[in-house]
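Me: I have a model open and want to go through some of its contacts and secondary structure. Can you take questions as they come?

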Amino acid sequence: DAAPGNIGALEENKRAQEEAIEVLSGQIAELEEQNVIAQQEYEVVIANIDRHKKGLTTSKQRHEEMQKSQMHRAMAIKVQLASDLKYWNEKALAISSEINEMKRKVQSSEENLNVEIERANQICERVEVKRSKESLEKEIKLIDGKIRAIERQHGNKDQVTKELLAKISEHRAHVSMIEIQRGDLTQLESGLSMRRQQWDLFRRYITARAKIIFSDLISKRLGRGNLEFNHQEHTLNLSISGNNKKITKDERDRDTKSLSGGEKSYSQVCLLISLWDTMGGPFRALDEWDIFCDSVNRTKIMRLFLDQAESDIKTRQYILITPQDLSVMKKEDRMKAKLIRLADPARNGSQNTISQYLHPK
C-alpha cells in the first residue's frame, strides 16, 4: 500500500520538476534572445567607437593643418605689418616736417594778418563774416563797380554825403512835424469823443423833452401818448392809449391808423408842436392843418396853436394857413393873433394882384 502512494508523490514531483524545467527553458530562451540583442548593440557601439576614433584622427589632422596654415598667414601678416610700420614711421616723419613748416607759415601769416587787422581797424571796426575769401573778393569787385556807376550817375561821395545830410535834416523836421500833428490829432479825437458824448446826452434831453410835451398835449384830448425814438435806425413811432379804465390795456393801445380824421390831425399837430419845441428856428409855419378836422377837433387844435404861440411870443412867430372860416375864434383870441384874409381867386380868367389878395374889397 505504501508503494503506490510513493509513486503518486514521485509523479507529482516529476510533473512539478518538468514545469519548472519548462519555465527555466523559457527564461533561458529569453536570456539568449537578450544576449543576442546585447551582442548586436555591443557590435554597434564598437563600430561607433571605431568611427569616432577615425573621425577624431581626421579632425586632429585637419586641426594640425589649420594651425600650420594660420601660422603661415600670421607670419605673412607680421612681415606685412612690419613693412607697413616702417612705411608709416617714415611717412609720420615727413608729415611732422611738413607740419613744422606749415606752423612757421601760419605764424608768419598770423603776424601779417595782425598787421592788416590793425590797418583795417583804423578805417572801421571789425565785421564778423562766415564767407570765403573768394566770395568776398567777388562781392567787393561788384560793389566797386556799383559805386563807380552810382558816382557817374549821382556824383562823388562828398556831394552825395552833403545831400544825404540835408535829407536827414529834412526827414527829422518832417518826423517832428508828424509827431506834433499826431498830438493835435489825439487832442482832436479826444475833443470829438467828448462832443459825441455831449451830443448823445443833448439828444437824450431833446428826446425826453419831446416825449414829455407830446404826452402832455395828447393827454388833453385823446388820453396817453408816447413817442418811440430809434436813433440807430432813424425811425420815430408814436402810440396813443385811451382814457377808459374799464377796458384792457390791449384794447386801450391803439394804432394811429384806427384814429378818426380829426384825432389823426390832433395827434399830428401834437407831434409837430413837440418837435418844434426841440428846434431853434424863429418861425413856425403850417398850411391846411384843419382840412380833415371836425369842428370840435379844429377848435381844440386852434387852442393848442394859440397857447403855444402865446408861450413863445418873444422868441418865435407862428404862421398858420387855412382855407376854412375862422369865425369860431373867440374875441379875445382874435385880439392876440393877427388875421389876414386873402381875396378869393378871380373867376373871369384874370389874375388878382398881390395887393388885391391882401386887401380884398
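Me: Which residues does Ile273 touch, leaving out those up to four places away in sequence?
Reply: Ile273 touches Leu217, Leu304, Phe305 and Gln308. A contact here means heavy atoms within 4.5 Å. This is a predicted model, where local features need pLDDT of at least 70, side-chain atom pairs count only at pLDDT 80 or more, and totals for chains, interfaces and linings use all residues. Residues are numbered from 1 along each chain as its sequence is written, and side-chain values use heavy atoms, with hydrogens and water left out.

Me: Gln308 is in that list. Where is Gln308 placed, and is Gln308 buried or exposed?
Reply: Gln308 lies in helix H6; helices are DSSP runs of H or I with at least four residues, strands are runs of E with at least two, and both are numbered from the N terminus. Gln308 is buried, because its relative accessible area is 14%. The cut-offs are under 20% for buried, over 50% for exposed and in between for partly exposed, with a 1.4 Å probe and protein chains only.

Me: What does Gln308 touch, again not counting residues up to four places away?
Reply: Ile273, Asp277 and Tyr318.

Me: Which residues have the most contacts inside the largest nonpolar core?
Reply: Cys270, Ile273, Ile301 and Phe305, in a core of 25 residues. H3, H5 and H6 each supply at least two residues of this core, and H5 gives the most, with six. A nonpolar core is a set of buried Ala, Val, Leu, Ile, Met, Phe, Trp, Tyr and Cys residues joined through side-chain atoms within 4.5 Å.

Me: Back to H3. What span should H3 have?
Reply: Helix H3 covers residues 157-219, which is 63 residues, so at 1.5 Å a residue it should span 93 Å. The expected span is 1.5 Å times one less than the number of residues. The end C-alpha atoms of H3 are 90 Å apart, which agrees.

Me: Which residues of H3 are buried, and what covers them?
Reply: The buried ones are Thr207, Ala210, Ile213, Phe214, Leu217 and Ile218. Their cover includes strands S1 (224-230) and S2 (235-241), and helices H5 (261-276) and H6 (295-311).

Me: How many bridges join S1 to S2?
Reply: Seven, and the two strands run antiparallel. Strands count as paired if DSSP finds at least two bridges between them. Glu228 stands opposite Asn237 in S2. S1 and S2 form a hairpin with four residues between them, and His234 in the turn has a positive phi of about 60°.
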